[in-house]
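Dear colleague,

Please find the structure below, handed over for your review. A summary of the findings follows it.

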Amino acid sequence: MSQVFGEIRRAPARIIVSVFALALAIGAIGVFAIPTVAASSLRDAAHRDQLAQVVMSTTDTGDVDIPALLTPIENVELAEIQVLTHVAVGNGDTPELSPPIQVVGVEIGQQQIDIVHADKGRLPERADEVLVSDGVADIGATIAAVGHGDTTTELTVVGVGGTSAWSGEDVLFTTLDTAAGMAGLEGANRVVVVVTHETNQADLSATAEATADLFSDEGIALTLLPEIVPNGEHPIETDIEEVSTLIGLLGIVAGIVAIVLLGSTTNTLITERTREAAVMRMLGARRRKLRRRLRRLAVGIAVAAAVIGVPLGILISNVIARMVLQEFVGITPGLAVSLPVVVGSVAFAVVGARLVASRAARRVTNVPLASALRDRDGSPFGRRFGERLAAGIPIGSLLNRTSIRNVVHRRSRSLAIVGQVTIAVASLMIVTSFATTINDFNVSELEAWNWQSKTTVAGEGLDIDAELADTDPRSEAGIDVIGELGEWEIEVYGLPADTLMINRTLDQGVWIEQPNDAVVSRGFAERLDISVGDDIEVLLASGPAIYQVTGLHPDPLRSVFVGVETLSTELGASGRRNVIYSLDNETSVELAGLTAVVHYDAVSEDETARRAIMLIFGAIGFVVVAVTGLAIASGLAVNVYERRHEFAALEAIGGRRRDIYRVVSAELAPLAMLGIGLGLAFGYIGSWAIVDSFEAGDAVEINLAFATGAIPAVVAVVVLGSLAIAGLMVRRVTSQPVAEMLRTAA
Amino acid sequence: MEFTWPISPSGSAYRPLVQATDLTRRWGKGTASHLGVDNVELSIGQGELAAIVGPSGSGKSTLGSLIAGLDQPTAGSLVVAGTRIDQLSNDRLARWRGSNVGIVLQNFHLLPTLTAAENIELALKLSESRVSRRERRNRSGEALASVGLSDKAKRLPTQLSGGEQQRVAVARAMVTMPRLIVADEPTGSLDQESGHIVFDLLAGAVANGTTVLLITHDHELAGQADRVIRMLDGRIGDPSAGDIPGQQSSDVLGHRDEPNQSADELVSPGRHR
Ligand SMILES: Nc1ncnc2c1ncn2[C@@H]1O[C@H](COP(=O)(O)OP(=O)(O)OP(=O)(O)O)[C@@H](O)[C@H]1O
Ligand SMILES: [Mg+2]
């Protein structure tokens, strides 16, 4: 360590920049920890709130004693009932029928599953008290909730909080009875189960099936497919897994930067000492000892970088994980540390530095003593064939020649700069392409649809009478439910055969005609190897249904379109629907109960989700660009520092700062250009690979929209950034008197 | 083609090329500060070959750097070749150096990535004389020939011996036809024969009217100068004292080391050859 301090005293700026660049690179490896950090925060929350492993949405449970009914089932430890409904809220006498908000009724105070807790205030005790999720209302406020049959309930907010089962959503938590009253239920409509031991997917499915059987004996039907959360996960863990995996991928980029940086920093540090080592050899130092000394120095620098880098990495991973969790699920996680990543990055830095140092130290101590003593530079220009070749080409101005020859001379450093620029450009392109791709995807998602608005009635069931829509020629009643096909969660749309709401032009086959016809999204069908004429089994809340595929639709998502009447019959509610599509912004169909209207533009914009993703990727892009920027700065600083005598000589014979700047930037320019070219190529390949992995992981079709529009800006950032760095470095060396530089040359 | 120095030998009238008044170079501030050059008054005439001698650490290099415009004084004024160089900005000073001084240093300081010929061409290019590339190449060739290295034009510095590198450095200093050449121990790392060659080249430049300021430890070389300036502790020997403190112990005085003569030189510079 004292050696490191000695080093810092010797060339403060340069060593500090290297240490910091290395530290930041090590820190950026912390990005790897984000998936773990996020998952562990979520699992902590799941454990704390005792989240259910099986959730069933049902029709009214009436007076059936659900816990008593279910506990005999093998593997069921606890079962509780809940009520989920929607109300419109307003204040005072004039409830404004805003979009419905969820009301969750639970047995407050006696809960053992999905435990609701108050972060501020207290839990509701009386029927007219309510606890709200953060941001919905303040403690003490009064909420007028309009529920089933237009009955208004006045509720006083007594606390703010919730349970992570509902994290990120706006919810009013009330007593079971209050919620049941608002929903017009006798019993409940949601059953949550905690199992005794078997928590894998198959066993949980078996438990859910057994539960559904008992329900059906009691006349209770499922309104949604059972929700299953295996292996102690958090219900939303899978939702953010993709985002965090993607972020983890960027950790690889950071890792590559770190490797390049570690290699070049360590190498320079030791090569610089060729002469010093030669003097010591001359004085009788043994090679082995010298090598050990040099290795120790390099490892010392790496350790110093790790000491700063590890806390930095923990900070980076936690900040980004927190952004992810807050933006996507609305929970604020505690500090989490991924031990493997910490140990891995420290080991990487130390072992890496040692390996590179050993090689460099061997090389340095093997230079013939005579030439090592004679030359200021460890490997003077002209030793290698390539250098002599470059020296023989009298092309370009004299200053440009020195630039080109220096690029040839310091090959590894030149390559490092190319690599770093490549990484910076590639990351920037990936981040921006990701943004444009999401944007395009949001548009293409809706491209086939013609509706301007869709109106739903609060509630999980098919609550709309199909005939209501007959009054409005510009509206259609349809069904939109979740199903399963080949292990994938899919969107099942029930539409009239002559629907106007979706473009019926298909990629292949014909639109639905017969009762059991189905049209499937083309990309999804291809992924599942489904062709026109095949039979498919779609799992609905009511059970499996068989359809014959008649056509493939250009829709990019996982969708199955079937006849609306067939579907309603399948779901056990013939003649009922759950959505009114309209070609206008507002349907003229009169719907009883609470409605929620979604407009086409609102869906296509999807601003918040995009902002969240861009924020996170922007943050990561910033980290990567900062790391590479520092890496380039440190490489350049070493380069300029090493050649300060050369620049002093240039100044002595009349060269101005401008000339030196020209030499440095002429060296940087071709490297930056090459880096930009490679960066664009890798950026394209990388974006494509990420999009491809998303397509494979989600069975959806995403078209890569490479952000060509961003290229000028990215190029400008890289070019101006490197010129600025070069300017700064040159300013530093030229600010000292020439005499001083020449004096220290010996 | 014969290489000729365009500056004609000066006449007998003394015209100063270097005029230093109260010249001081100090490092650091307050009590921690120390002086490299202390209140120096000095005048060097055009076409003169002046040698600076003195013990190690006496400030020779510091004074040489100031005169060559490689460093800036902390006090005093310095006029060289008609320009007040103590007040120039860095860039102007660089430009001034390019067209007015040639510099030769102990460690040669050739650009390692340029060949011998290219190193010389670069000096020409930076000296602002608007010469064509072709002309530059010719003159660089002539300068190399004048130091006897025509056959090594395409060698890189690492492929040249120390003496050869120094000859290239001298050629580089002379090719711009500067009015002043400052040479700080140009023969310091050379053997005697190479040292003589380099000295003769510098003397040749004087013969063509260039002023040469030679800093050296070599008694013999200093003895061949028109004038010897002695330094001690950052000062030039005080002529009125008649003697320079510590002079006896100095090992650099050589055969012209008579107090009267050196004092005389300090007040009335002139040609002795
Ligand atoms: N950049 C500097 N910072 C601080 N002190 C300096 C600096 N340069 C020179 N000195 C000091 O100024 C004094 C004169 O130095 P200088 O190099 O001029 O001596 P010199 O006469 O050329 O010696 P030598 O014959 O050994 O080359 C010395 O004491 C030296 O330590
Ligand atoms: Mg000296």
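In this predicted model, 37 residues of chain A and 32 residues of chain B take part in the contact between the two chains. Together the chains bury about 3,000 Å², and carbon and sulfur atoms account for 59% of that area. On the side of chain B, the greatest losses of area to chain A fall on B:His109, B:Thr113 and B:Leu126, which together supply 20% of what that side buries.

As to specific pairings, two salt bridges are found across the interface of chain B and chain A. A salt bridge links B:Glu118 with A:Arg401, where the closest N and O atoms lie 2.6 Å apart. Polar contacts between chain B and chain A number nine residue pairs, with both residues at pLDDT 80 or more.

Four elements of chain B each give two or more residues to the side that touches chain A: strand E1 (16-27), helix H2 (90-100), strand E6 (101-105) and helix H3 (116-126). By residue class, that side of chain B consists of 13 nonpolar, nine polar and 10 charged residues.

Turning to chain A itself, its 746 residues are 53% buried, and the chain contains 22 helices and 22 strands. Its C-alpha atoms occupy a box of roughly 100 × 55 × 50 Å along the principal axes. Of the contacts in chain A between residues at least 6 apart in sequence, 81% connect residues at least 24 apart.

With kind regards

Notes. Residues are numbered from 1 along each chain as its sequence is written. Chains are lettered from A and ligands numbered from 1 in the order in which they are written. This is a predicted model: local features need pLDDT of at least 70, side-chain atom pairs count only at pLDDT 80 or more; totals for chains, interfaces and linings use all residues. Side-chain values use heavy atoms; hydrogens and water are left out. Contact means heavy atoms within 4.5 Å. Buried area is the accessible area (1.4 Å probe) that two parts lose on being put together, summed over both. A salt bridge is a side-chain nitrogen of Lys or Arg within 4 Å of a carboxyl oxygen of Asp or Glu. A polar contact is a pair of N or O atoms within 3.5 Å; within protein, one must be able to donate a hydrogen and the other to accept it, and residues adjacent in sequence count only if both atoms are side-chain atoms. Ala, Val, Leu, Ile, Met, Phe, Trp, Tyr, Cys and Pro count as nonpolar, Asp, Glu, Lys and Arg as charged, and the others, Gly among them, as polar. Buried means under 20% relative accessible area, exposed over 50%, partly exposed in between (1.4 Å probe, protein chains only).
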